[in-house]
Amino acid sequence: TAGELRDALLGALFGGPPTPAGPTGPGGAGGPGAPEAPDAARFDALIMAAAVADFAPAQPAARKLARGEGMTLELQATPDLLAEVARIARGLDATGAATRNPVVPAPLLVGFAAETGSLERAAAKLAAKRVDLLVANDVSEAGSGFGTDTNRVVILDAAGGRDELPLLPKREVADRLLDRVAAALDGRDAAGQTARMQEVQR
């Protein structure tokens, strides 16, 4: 259930680092390149919030810039950390080709997409990031997004499903999402157990 999963997540957050540790350091998911070893991506589920920014200065200044008549600021895209983790977990190289074994059992990957005006890009984002679930919302809609206690989201899944939730308290949105995650993990584990039993019977 959502409550049981939330308790487990809180235990993992405040009970100490997981073993083995996730991607860290200069080649980790936070750096320009991600580790190629599938062991670095071993976890049951990963839920990542929408990026705080999609672009960053191409040439950050080492000191405060003096006031002038104007300036031209060149931006570059920030790394998509969730897509990079998904690539590693799925056993893909930087070009998207399958060059190694995927992580087994497959971790459940959940992303968020904060959009403005339309959710038309959400399905494409789900596919591009190779996630299992994508929670999309229109942050320009009244009562949905930032600075409110409510949210109206659409949960898309990799199988093409689309669950449009009404305007709800954010806590209830979280509970419904965690229920989806828990059910998906139960299904994954049950399928894995069945496959192992069939292998033994051969």
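Analyst: A definition to start with: a salt bridge here is a side-chain nitrogen of Lys or Arg within 4 Å of a carboxyl oxygen of Asp or Glu. Keep in mind that this is a predicted model.

User: OK, how many salt bridges does the structure hold?
Analyst: There are 13. In one of them, Lys-125 pairs with Glu-115, with the closest N and O atoms 2.5 Å apart. Lys-125 is in helix α3 and Glu-115 in strand β4 (residues 108-115), 10 residues apart.

User: Is Glu-115 buried or exposed?
Analyst: Buried, with a relative accessible area of 4%. Lys-125 counts as partly exposed, at 23%.

User: Which residues of α3 are buried?
Analyst: Ala-122, Leu-126 and Lys-129. They sit on the same side of α3, because they cover an arc of only 80 degrees around the axis.

User: What do the buried residues of α3 pack against?
Analyst: They pack against α2 (81-89), β5 (133-138) and β7 (153-157). On the other side of α3, Ala-124, Ala-127 and Ala-128 are exposed.

User: Back to salt bridges. What does Asp-44 pair with?
Analyst: Arg-188, with the closest N and O atoms 2.9 Å apart. Asp-44 lies in the loop between α1 (2-14) and β1 (45-47) and Arg-188 in helix α4 (residues 170-201), so the pair ties together parts 144 residues apart in sequence.

User: And is Arg-188 buried or exposed?
Analyst: Arg-188 is buried, at 18% relative accessible area, while Asp-44 is partly exposed at 45%.

Methods. Residues numbered from 1 in each chain as written. Predicted model: local features only at pLDDT ≥ 70, side-chain atom pairs only at ≥ 80, totals over all residues. Heavy atoms only, no water. Buried < 20%, exposed > 50% of the residue type's maximum accessible area, 1.4 Å probe, protein only. Helix = DSSP H or I, 4+ residues; strand = E, 2+ residues; numbered from the N terminus. Arc of directions from axis to C-beta. Contact = heavy atoms within 4.5 Å.
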